[in-house]
Each structure stands twice: as structure tokens, then as C-alpha cells.
Amino acid sequence: MHSDIASAGTARPATPSAPTWDPQQYLRHAGHRTRPFLDLLTRIPELPTAAPRIADLGCGPGNVTALLADRWPRARITGYDLSREMLHRATEEYAGPTAGGGSLDFRRADLGGWLPEEPYDLIVSNAALQWVPSHPGSFAPWINGLRPGGTFAFQIPANFTAPSHALLAGLCEAPRWRSRLAGHGARYVHILEPAEYLARFTELGCAADIWETTYHQLLSGPDPVLDWVKGTALRPVLTALGDDRGAVDEFLGEYRDLLREAYPQGPRGTVFPFRRVFAVARREV
Ligand SMILES: C[S@@+](CC[C@H](N)C(=O)[O-])C[C@H]1O[C@@H](n2cnc3c(N)ncnc32)[C@H](O)[C@@H]1O
């Protein structure tokens, strides 16, 4: 356990060799990445208290966390994340009192072991739980950590069989890369199907609202799918190759050529379909 990780009753160890993150690269596609969170927000019901306590699990650079303060101006909101780079960016940009009398702060925590340390009105997570293989096992303690009538809501990418991810996984297993990258391309594929999430939450006695959407995203610029995954799915690969610039450039060149074939540039941009699953589970009053 890292000594500076918020423990909050944690018993399990931190995720091994977590990838390094690059907030600037991640935020290059902030518009498309924020849209699902806005869609999730519209389905979150009224919270039990007027000045709610909110946790954002896997808060990243904090731009999405800050949107929670727009919807609940009096809320006391904490964003939790494992990445020091992301937390630094979030704290610099957003930490402090909010205009409506609430507050935003950011703490280091491994979601693999995070438990609510006080009653929450809302626990929310956007595009982060796919990195936490154990997340379905945490549903019961997270729901128990809600006030009656409180909500747990998340959005999770569900496009791991799409060419962007299948080609990455395949390249990592190719003879040229296997010894250094085996398993890295598909390392964080740990999500359930919508029907399974529905079953989990109804078994826990929640009112559950589960759905999926495929966003047909039109990206601009050269090699935009490569640019997109450099902020997310490629993080484990880039972390594993580290400072070996030659290997990074070679790998990115091979992957870029595969992506160009799979996602050809059209006259108005490059279409990058992206499936996502959403869950809103309300604890009984
Ligand atoms: C794709 S980003 C999403 C960031 C933000 N929620 C958003 O919607 O923009 C995923 C985030 O999950 C964090 N993360 C991944 N594994 C984690 C873990 N085990 N514990 C805490 N945070 C983790 C990463 O550091 C990263 O900031």
C-alpha cells in the first residue's frame, strides 16, 4: 500500500504497476469525452440532502468533477484518483471553495481498495472503472456507503472489441513486441454487460437504470484515433516502453498504419464509433 493513498478502510493492495497518465494528451478530446458524463448526469435523480457529499472515483484531470458543482452548487465534492499527474492537474485547476458555497478537493486513492469513509449522497465515476478489475465486487460496500435515497452512477467504455482496441491487443502479441508488451494491449478489459450490471444492482435492492449507447464521433486532424488512444488505451504500452524513444516511435508507426486502414479519413473527418455503458443505481429510501 502506498503510504499517501487515502486508506478509508482499505484492505487490498494498490493496483500493480499502474500506467502513467498525461492530462494534457487526455484533454485533447475533452469535448467527446465529456459528452457521456453529461448524459449520465441527466439521469441522476434528486439527492437526499441539499448540501450533498459527493465522491468522483477516478476523477482524472478534474474537469468532469467540476461539472458536479454546477449541478449541485452546495456540494462538498472529493475526486479520487491514483495518478499523481492527474491529481496535480485537477488540484491546480479546480480545488477550493465553489461559487455556490460548496467545495472541491482531490485525494489519492486506489479504487481497488477504496471504501466510503462517511455517508455519501452520490458516488459517481466516469470512464474509470474499466481500469479496476475488482469494481463489481465493490458495489455492495459502495451502495452501503450511500445515505438512503443516495445514488451510485457510472459510465464505462465498452468498445474493447472495436478495431482500435483489437488491433492494439494484436500488435502487443506480435513476435516483434511480445516479449515486452504481451498482455498490455488488453490489460484492462474488465467490464460486464449491461444485463449483468442490472442484475447486480437489483440484487442489492437498488432501483437501477442501465443503458448503452454508441457515439458516432467525428474526429478531425491527421491520425485522430491514434491521438485519442494515446490519452487512454495506449497508456499501459507507453508506460511499459518508457524512455525507449526508438521503440515507442516504431510501435506507434505500426499501430498508426493499422488504424489508418480501420478508420479511413473521409471528406468531413474520421468516424470513430465508441460504445459506452451507463448505470444509475439508487439506494432504497
Ligand atoms: C480515462 S480517465 C477518466 C478521467 C475522468 N473521470 C474523466 O471522465 O475525464 C481514467 C482515470 O482513472 C484513473 N484510475 C485508473 N485506475 C485507477 C485506480 N485503480 N484507482 C484510482 N484511479 C484510477 C486514472 O488515473 C485516470 O485518471
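## A loop residue, a mixed sheet and a ligand shell

Ala127 sits in the loop between S5 and helix H5 (139–144). Here helices (H or I, at least four residues) and strands (E, at least two) are DSSP runs, numbered from the N terminus. This is a predicted model, in which local features need pLDDT of at least 70 and side-chain atom pairs count only at pLDDT 80 or more, while totals for chains, interfaces and linings use all residues. Residues are numbered from 1 along each chain as its sequence is written.

Although Ala127 is not a glycine, its phi is positive, at about 55°. Is Ala127 buried or exposed? Ala127 is buried, because 20 other C-beta atoms lie within 10 Å. The cut-offs behind that word are as follows: a residue is buried if 20 or more other C-beta atoms lie within 10 Å of its own, exposed if 12 or fewer, and partly exposed in between, with C-beta atoms placed from the backbone.

Asp223 also has a positive phi, near 45°, and is a residue other than glycine. Asp223 belongs to the loop between S7 and helix H9 (224–230). Ala233 is found in the loop between H9 and helix H10 (235–241), and Leu111 lies in the loop between S4 and S5. Their surroundings are set side by side here.

| Residue | C-beta atoms within 10 Å | State |
|---|---|---|
| Leu111 | 22 | buried |
| Asp223 | 18 | partly exposed |
| Ala233 | 24 | buried |

Which residues does Leu111 touch, not counting residues up to four places away in sequence? They are Leu57, Gly58, Tyr80, Ala128 and Val132. A contact of this kind needs the C-beta atoms of two residues, placed from the backbone, to lie within 7 Å. Leu111 and Leu146 are 35 residues apart along the chain, and their C-alpha atoms are separated by 16 Å.

With neighbours within four places in sequence left aside, Ala233 is in contact with Ser164, His165 and Leu168. Ala233 and His165 are 68 residues apart in sequence, yet 7.4 Å apart in space, C-alpha to C-alpha.

**The sheet**

Eight strands form an open sheet with mixed pairing, in the order S3-S4-S2-S1-S5-S6-S8-S7. Strand S3 (96–97) and strand S7 (207–219) stand at the edges with a single partner strand each, so one side of each is left without a neighbour in the sheet. Strands count as paired if DSSP finds at least two bridges between them.

Strand S1 (residues 53–57) and strand S2 (residues 76–81) run parallel and are joined by five bridges. Leu57 stands opposite Tyr80 in S2, and Leu111 touches both Leu57 and Tyr80. S2 also pairs with S4 in the parallel sense, over six bridges, and the bridge partner of Asp81 in S4 is Arg108.

S3 and S4 run antiparallel and are joined by two bridges. Gly96 has Leu104 in S4 as its bridge partner. Five residues lie between the strands in this hairpin, where Gly101 takes a positive phi near 100°.

S5 and S6 run parallel, with six bridges joining them; in S6, Gln155 is the bridge partner of Asn126. Nine of the 12 residues of S6 are buried, so S6 is largely enclosed by the rest of the structure.

**Helices on the sheet**

Helix H2 (residues 30–42) lies across strand S5 (120–126), strand S6 (146–157), S7 and strand S8 (270–282), and runs at about 150° to S6. Helix H3 (residues 63–71) also packs on the sheet, where H3 touches S1, S2, strand S4 (103–108) and S5, and its direction makes about 165° with that of S2. Axes are lines fitted to C-alpha atoms, for helices over the stretch in contact, and angles run from 0 to 180 degrees between N-to-C directions.

**The ligand shell**

How many residues surround the ligand? There are 23, and the closest are Gly58, Gly60, Leu82, Ser83 and Trp131. The shell divides into 13 nonpolar, seven polar and three charged residues. Ala, Val, Leu, Ile, Met, Phe, Trp, Tyr, Cys and Pro count as nonpolar, Asp, Glu, Lys and Arg as charged, and the others, Gly among them, as polar.

**The whole chain**

The protein chain has 11 helices and eight strands. Of its 285 residues, 42% count as buried. Along its principal axes, the C-alpha trace spans about 55 × 45 × 40 Å.

Definitions and conventions. A residue is near a molecule or strand if its C-beta atom, placed from the backbone, lies within 6 Å of it.
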